[in-house]
Amino acid sequence: MNALALEGVTYSYPGAETPALRGLTVEISQGEFVVLAGGSAAGKSTLLGVACGLVPHFHGGRFDGRAEICGMSLREHGPAALAGEVGTLFQDPETQVVMGTVRAELAFPLENRGHAAVAVARGVEEVALALGIEALLEHSTAELSGGELQRVALGAALAGRPRLLVLDEPTSQLDPVAGDELLGLLRRLNEEWGTTIVLAEHRLERCLGAADRVIALHRGEIVCDAAPSGFLDWAHGAAPALETPGATLIAGLGLHPAPAGVKQARTTLRAAGLLPEREAPAAAPERPPRRLRRRQGAAASLRLRHVWHEIRGGPAILAGVSLSVAAGERVVLLGRNGAGKSTLLRHVAGLAEPTRGRVERDGRVALLLQNPGDYFIHDRVADELDAASLRAAGLESLAARHPRDCSGGERQRLALAIVTGGEPAPAVLCLDEPTRGMDREAKAALAEQIIGFSQRGVAVLVATHDPEFAAGFATRAVLLADGRVLADSSPADLLAGGWYFATETARILGGYRGILTAPQALAQLRPAAAPIGSTR
Amino acid sequence: MSYLRRASPLHAARAGVGAAYCAAIVLAALVIGNPLLLGVLALAVLAAGAGAGAGARVARSLCLSAPMALLIVIVNGLVSREGLTVIARLGDGGPFGQIDITLEALAYGAKEALVLVVIIGACALASAAVDPDELLRSLRRVSLRSALTATIATRMVPLLALDARRIGDAQRCRPDPAGRLAVMRAITANALDRSLDIAATLEVRGYGCARRPARAYRAWSRHDLAFSVCAVAIAVTALTLPAPFSFYPSIHGSFGASTWISAAVLAVAVLAPFAQRRGVAR
């Protein structure tokens, strides 16, 4: 039996002019690990909505065609009836946890199905052990971190041992560590429990290694349905925005096959004689370049001097952070969830006062917080900005639209135009996790915008979990942990030398020459054609 | 809403028993008329909070109740026309007539303030040490949807408060900060979005087909037994204790040995279950 079978499915949301899915026909077999690829508004989330029954039963709209989920017809079964067979995980962990304790949360779906108390207790115990959250069972959900909350939500989705698990960008709000852990868990569930996984994700380089198959969507239609390497071959010519950095590198060097992960890319490079059979031992970390250390004392747009943020009766979120950012400099802040990145930006913008130390600003600070929707107060995009700013931001075509109806990238642009608009022009621009839920094209456009601001003399400070995005614009990288600055160096040093906070290209090349992106690698490797490591 | 599982006997007791214990303290505060006993009860609640690892929380609640308690004393002193011992004549109060402050009115106000303090302390103790999920789950057998709505509300209220703070911060980041009304609209729109997300989550967790949860058998622990017995003891002592007290027209009451014995019984009934520390951690 298929886990999911769609035949000629066309679906339009209520009031929408164009359908979100167009004549979709696809079958997903039991036990497959399928990744859905595509840009924003391609139809990935809508397809997942069909798989769990929210489309059309919860969202309404017009639905044509035939859909069967684990042998149950979508016309006759709604999401609640499908919940026994389909587990669902969305982006935002906060709104997926409805009970006060972890045990109650895991028990909730089982109780809804009327399981006996003993079966509920056993189900909770088993899923907690499977996901490694048994120590959290008695914890209040209010005290969990984002990664833990997402794990608990996954536990609730898996509590009834569903045959199909659908996930909509489940790692978009997690740091690389928590994101990799979650993807590792999915792989294990697929391999050991035989659970069918359908995962929508923008950062394909993180999940293609685990996938059996990739379905690419564009404007509600399937444009590619192939194994990961076949998909990457297709993307190289037809949709470069969906190509992973590793695939770009291998294809650029004229090698084959397109790699689904770091390991495969390294194997291909080794076979071509571009990586040595055994890697040279990692060089000892170097001292920060003198230029960077000196800049701390140079004329700066922003200076943090021994800034502390201590919670009464709680921890120190920032512990003596000192940092200077010069005009036109582009600094990326990296670190796991809870490292203090957002708090640091709040101090820079004056939303929080240091308990010790001080912040000196050489002008206005514009801060774009994590959720761009929080900045909107009007019903029309045109009312949020004056006509000139709207034109400058390239948002004229959206003037009549409601801000909440814009795509993720459009909302980000609108919010950025709002905070950077007005007089005087900002001297410092801070962005907190600006790429959540954005596709690769939108990220590239944002990186260009950031570079544009810095060229106008604005000091830019960006907190992100996305090393690929950071590599696209940063001139300096700062790693935070437990409220302290662990490293402050060039992006090449920081993003090429780590495991988690490293780009895919850097991981493939093992940090060789501080290369971070595929274009950099191609520029350096093509003429050399000498094994990496031999020149270390 | 601020429940955190701690290693304490009250946390280890089942939620229904913990709630009954706190309810017994509230009942005692409502029926006891003797200010000495109420004072002892207030101190016992504070000590129980410490025993449950929530002493600071209960103390903070008592401090927050102090202004309201003071207000009760002042208002009762000003409006009460009873009592024989006039301690201040404030003269003609216009439409309110002659305003005299009597000792009896102040004492009665103080006693009512103590009742309020004990009730707030008991509620703070329940909020800190009684698992709301477990309590509401037991109520789901009686009224499935209402109990679940209450559960989700307890989860959503702090979440929406965080959202409101976040939106307020975002508005402060605008070069032209929005007015209060506009911010309220944004917060409301966000709350509606959140509600939709929660509703979608409930659907995919099978809530649409939810059935009444099965009764779960759980062996009675020593803490369940201790708090049950003590809840009954508190209620019985409060209803039967021989410590009459009257405030009007003049203060008459007992502060004799029998009252002190009643106070001791009450304090022991409130605090005894905390003496047993076996098996409190999970």
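Residues are numbered from 1 along each chain as its sequence is written, and chains are lettered from A and ligands numbered from 1 in the order in which they are written. In this predicted model local features need pLDDT of at least 70 and side-chain atom pairs count only at pLDDT 80 or more, while totals for chains, interfaces and linings use all residues.

Q: Which helix supplies the largest share of the side of chain A that touches chain B?
A: Two residues are in contact if their C-beta atoms, placed from the backbone, lie within 7 Å. The contact takes 46 residues from chain A and 47 residues from chain B. Helices (DSSP runs of H or I, at least four residues) and strands (runs of E, at least two) are numbered from the N terminus; α3 (79-82), α4 (102-112) and α15 (408-420) of chain A each give at least two residues to this side. The largest share, 5 residues, comes from α4(A).

Q: Which strands of chain A stand at the edges of the sheet?
A: Two strands pair if DSSP finds at least two bridges between them. An open sheet of 6 strands in chain A has the order β15-β16-β17-β13-β18-β19, with mixed pairing. Two of these strands have a single partner each, so one side of each is left without a neighbour in the sheet: β15 (365-368) and β19 (484-489) of chain A.

Q: What is the bridge partner of A:V428 in β17(A)?
A: Strand β16 (residues 428-432) of chain A runs parallel to strand β17 (residues 459-463) of chain A, and 5 bridges join them. In β17(A), A:V428 has as its bridge partner A:A459.

Q: What angle does the direction of α16 of chain A make with that of β17(A)?
A: Axes are lines fitted to C-alpha atoms, for helices over the stretch in contact, and angles run from 0 to 180 degrees between N-to-C directions. Helix α16 (residues 440-455) of chain A packs on the sheet and touches β13 (330-334), β16 and β17 of chain A. Its direction makes with that of β17(A) an angle of about 150°.

Q: Is A:Y512 buried or exposed?
A: A:Y512 lies in the loop between α19 (504-509) and α20 (518-528) of chain A. A residue is buried if 20 or more other C-beta atoms, placed from the backbone, lie within 10 Å of its own, exposed if 12 or fewer, and partly exposed in between. With 21 C-beta neighbours inside 10 Å, A:Y512 counts as buried.

Q: What distance separates the centres of domain 1 and domain 2 of chain B?
A: Domain bounds come from an automatic or database domain assignment. Chain B is divided into domain 1 (9-135 + 216-275) and domain 2 (142-209). Taken over C-alpha atoms, their centres are separated by 36 Å.
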